[in-house]
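Student: I would like to study how charged side chains pair in a protein model. May we work through some cases together?

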Protein chains: 4
Amino acid sequence: MKKINIGIVGSAGYTGGELIRLLINHPAAHIAFAHSQSQAGKYVYQVHTDLLGDTDLKFSAETSEDIDVLFLCVGHGNARKYLEANPVADHIRIIDLSQDFRNDPNLEFPAGGGQAGGARHFVYGLPELNREAIKTARNIANPGCFATGIQLALLPLAAAGVLNNDVHLTATTGSTGAGQAPSPTTHFSWRSNNLSVYKPFGHQHLKEITRSLNQLQPGFGSSLNLIPYRGDFSRGIIVSAYLECALDEAAARELYESYYRNHAFTHLSPVNIDLKQVVNTNKCLLYLERHGDKLMIISITDNLLKGASGQAVQNMNLLFALDEQTGLRLKPSAF
Amino acid sequence: MKKINIGIVGSAGYTGGELIRLLINHPAAHIAFAHSQSQAGKYVYQVHTDLLGDTDLKFSAETSEDIDVLFLCVGHGNARKYLEANPVADHIRIIDLSQDFRNDPNLEFPAGGGQAGGARHFVYGLPELNREAIKTARNIANPGCFATGIQLALLPLAAAGVLNNDVHLTATTGSTGAGQAPSPTTHFSWRSNNLSVYKPFGHQHLKEITRSLNQLQPGFGSSLNLIPYRGDFSRGIIVSAYLECALDEAAARELYESYYRNHAFTHLSPVNIDLKQVVNTNKCLLYLERHGDKLMIISITDNLLKGASGQAVQNMNLLFALDEQTGLRLKPSAF
Amino acid sequence: MKKINIGIVGSAGYTGGELIRLLINHPAAHIAFAHSQSQAGKYVYQVHTDLLGDTDLKFSAETSEDIDVLFLCVGHGNARKYLEANPVADHIRIIDLSQDFRNDPNLEFPAGGGQAGGARHFVYGLPELNREAIKTARNIANPGCFATGIQLALLPLAAAGVLNNDVHLTATTGSTGAGQAPSPTTHFSWRSNNLSVYKPFGHQHLKEITRSLNQLQPGFGSSLNLIPYRGDFSRGIIVSAYLECALDEAAARELYESYYRNHAFTHLSPVNIDLKQVVNTNKCLLYLERHGDKLMIISITDNLLKGASGQAVQNMNLLFALDEQTGLRLKPSAF
Amino acid sequence: MKKINIGIVGSAGYTGGELIRLLINHPAAHIAFAHSQSQAGKYVYQVHTDLLGDTDLKFSAETSEDIDVLFLCVGHGNARKYLEANPVADHIRIIDLSQDFRNDPNLEFPAGGGQAGGARHFVYGLPELNREAIKTARNIANPGCFATGIQLALLPLAAAGVLNNDVHLTATTGSTGAGQAPSPTTHFSWRSNNLSVYKPFGHQHLKEITRSLNQLQPGFGSSLNLIPYRGDFSRGIIVSAYLECALDEAAARELYESYYRNHAFTHLSPVNIDLKQVVNTNKCLLYLERHGDKLMIISITDNLLKGASGQAVQNMNLLFALDEQTGLRLKPSAF
């Protein structure tokens, strides 16, 4: 199998590390460089210490154009800046894990450094929404973690045009969603055995969710009321959603099963679900129940995998015409 | 200080143990008996092992009428059965921690065993709702844990008559809420780092909540949409609630502060809150924010204290004309 | 690649489930049956719910002789009983995860049921000790979880003949080590945020450890003083060991690196280690320091993988002349 | 009851906060000032947020001499510096929670600032070792958390003069032992579900332990081999200790019971113990078993209470001739 040559920028952070964990076992992947300004020269396992014994890759201060795809794992706002400052050769595809191109999908960059100026358009990389477009895309804006879990809970309803009432959402995320930098809310003594609400009604992922729902159901204009919680676990996002909806439970189940029939990672469970079922996997599991005039949907994902680096690899697979599950048949941690 | 003579039935379970923890340090309390069929004869510290060194009390198989108050810490359904089978002398007040008399507050028991038949009426023991009635009550139906956290989030709105729209509620509870008996959902390997939804839209506490809201706002008929979660911590309940409401944030704050001004355990926080602030205390902390046309309220309580045994002692204090906080100025565990 | 036909007995428990998780992604494995008396007829994902979407395998009440290898994942004592009651055809290799054949490696079974009587000998399946013997074995006694972590910490010293003083060992295990059946010490409300000692100086794995050390250093007779702890996490074992030893630190490092040079899963770390580095992997990481006249070694493993089902697959790979790492390049969960 | 006027320096940290939690409910305590440079002017509950509703105390930038006792809750090294720079009036007793005077108990300070120069001698404040000396002391060096748990496990043996062999110790501490400042090893994503060894054989508390053992058993010179672990919980220390010792189990039990008979907070348990039995209490529970020629002792304490601020209050009680348990009959959190 011809290997895909891969560059990673920002590879010392959480999503960068998770990407490396996936790619070193991916049969078609070859990491050409794992760029990190802060860690250049160190072995990857000196930072992502779980990889001791698995790879002798080192972080590099240099990048190269001898790659097929570039993953950007830098902080929000820094991806666009990076690309403007470091024009990427035309033949290289880009998968950006930040939010920079999700809602504003066009990048223009000036000529310079031996490069002609140009523009790049980013396709929103949620395969359950845009798989065909992803296959032919040059650049991907990888979705946010909350955005993934919530969209997968709602897309079939939008596709059926029945998303006509306000949606009530609670979503609880693991601590890895907050990144590597220490902060008061990631201190163990504070976070263990604790729960707290943050950014109620104002989470930044609502915008990309709304765009996607409008894509499937033009004119969608109901409210998405989202209460995000900080959870006292490290991996995973569980979403509960409900709305008034005329579909009966059997019809709703049929709708979801039909919508996801050809999607390998997203499944409707016949029985209630719990967050750990998907931890350390690229899957999304869904469950639904009808109560009175309301339909309730539960969605579970791993924020670092289906919510970030796993989905990025899934997008890479699609970009390069590989089976979508290549390198992503992961052993769940289960416990 | 004259001591209150206290009997406890069902004292080997979680709420019974928590009650003993409180009463052995309560300056006006004397535990006359801690009844347990299964553990009779053992020292209390053999079951509630954290009490080693704190008390030499033993579980007894016998009860006695030489008490002032009887706490019932038996399972739901068993309190009424116990009282029907074991008529309690007239002079004894009853505080029942089960749900048996919350919605159906009257007990009738037949003559027999040297007792005349009779009836007892139970006052719903939420001091922030019914303090004056509790002070003169003979019998108390102690509220449920979810019910306490949710009511304290909503009572001021009902008192102001502005609870006129559907309420959207998420509430996550610690594992001690599920009691002592092992089950698949209390197995550590399953529950650690996990979250799951249970009894959505159908939790049994909704009934007592609705009754209380109607008491303050007659005709209240909006929906209470409650998604309960099982949390991966042992103590505490965090509730987030929101509804459309015309009050602006300042007016809402003033309303809550005014409503709880004379209640020692319930406080409105000026800044956002997190669950551990109240763990191992009898307090409820509240926080509110306005977003668009919606008012959001967060409520935190310890399910075993303000949600169960702490509130039961608070009710005892009121019944016996003690300062409400007697024996309940607890050191928070904080971490 | 010709597939290995595999039967599993006891596949509804923790080690059985973990084995299935590994084998469904193993390129040379085909699960012919997953036997379970209690769950026969159900889909595997109805019990091991994290496998929803990954496999349509069902538990069966039947076994078959059309297999190449049989894994026994039954409780201690039941493997020998099972094999005595159900003679296994000659051509089938056996990998037993119980302790039944670790210290008493011979099974004799009577003629009957169309089978001639016979005997089977079990090789102790620790590849870092017995790799060549495993490759030509017919039957494998898979090591215990504590036994694996402790032996890997000590084998190089025994091989060098310098294990001449008492060894002081502390080992803390995750809750999955205690199995699926609920018990007071696996109740979440008890185990979360808790630690406790059990079976000090008397853990059943000491016997197999002592046998292995004697195999490498005949006459080894020092004490192994082991204090096992129950940890408040679900996966993993961390061992700290120390003993008086004349090797200086550089010589000790060289000894360990040399001993494990050709073993893909066991590595000496140049810096201190922490348990989560190996969770959800088949690896063992080691670290050593010298203090005064003492050498300290730390060892970390995942009790369900290198300590059980992962090592069982590693043994299967060796039995069938596959690369030892086949199907075992697992993405660490890391967090 | 006449109140003790209390000053606290360093009151915004973990031990300062815990001290405030205790003192606001202590019947004989009045906090005259809670000094904090960084938080001066804020309400205490803005930093120790669990105290919202419990106290209206504010942090102050000023100290005062109108106090009876000064608690120093500053970092190691800073207590001596503080006292040298800020001579404390003669009538004020000092309880220092740092390690500055544990091994070097004399402070000399120059004349200046209206003060004569002078010296202060600090008594090591472990009541189970030095209760009579504490009662008449002017200044107290409060013991370290590991030091407390380990000494309470060994003091009776030293008192009996039978501590004649090397002691093997493992001690695991909660995250609050590491203080409030964020660090890689207190990041939730790292510490949750994790264990790791730190400072093996070299923990700074060994020195004060050795001093105390020599005080009871002059000439004590055996090794204390201590492997400290970072635990994945916030409160508590569990120690396991063993050594060769000629005492049989009954004699050992009798020795421990006798030694601690008059100490209200330290108890020998007749059955095995687990860490959570003492969390949120000032107690130490001990358990012992004999195995072969070895005696094993387990000790559990709460690092912030008996290991720090609780013991400081116990010392204050002794200094001011109060019942030792005043303000320290704490409700265990138990779960």
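Student: Is A:Glu257 buried, exposed or partly exposed?
Tutor: This is a predicted model, and A:Glu257 has a relative accessibility of 33%. Buried means under 20% and exposed means over 50%. Because 33% lies in between, A:Glu257 counts as partly exposed.

Student: In chain C, what is the N to O distance between C:Lys135 and C:Glu132?
Tutor: Both residues belong to helix H4 (residues 127-135) of chain C, three residues apart. C:Lys135 is partly exposed at 38%, whereas C:Glu132 is exposed at 53%. Their side chains meet in a salt bridge, with an N to O distance of 3.3 Å.

Student: How many residues apart in sequence are the parts that D:Lys306 and D:Glu128 tie together?
Tutor: D:Lys306 forms a salt bridge with D:Glu128, the closest N and O atoms being 3.0 Å apart. D:Lys306 lies in helix H9 and D:Glu128 in helix H4 of chain D, so the pair ties together parts that are apart in sequence by 178 residues.

Student: Is D:Lys306 buried or exposed?
Tutor: The relative accessible area of D:Lys306 is 0%. The cut-off for buried is under 20%, so D:Lys306 is buried.

Student: How many salt bridges does a search of the whole structure find?
Tutor: Side chains of opposite charge can pair when their charged atoms come close. Over all chains, the number of salt bridges found is 52.

Key. Residues numbered from 1 in each chain as written. Chains lettered and ligands numbered in written order. Predicted model: local features only at pLDDT ≥ 70, side-chain atom pairs only at ≥ 80, totals over all residues. Heavy atoms only, no water. Salt bridge = Lys/Arg side-chain N within 4 Å of Asp/Glu carboxyl O. Buried < 20%, exposed > 50% of the residue type's maximum accessible area, 1.4 Å probe, protein only. Helix = DSSP H or I, 4+ residues; strand = E, 2+ residues; numbered from the N terminus.
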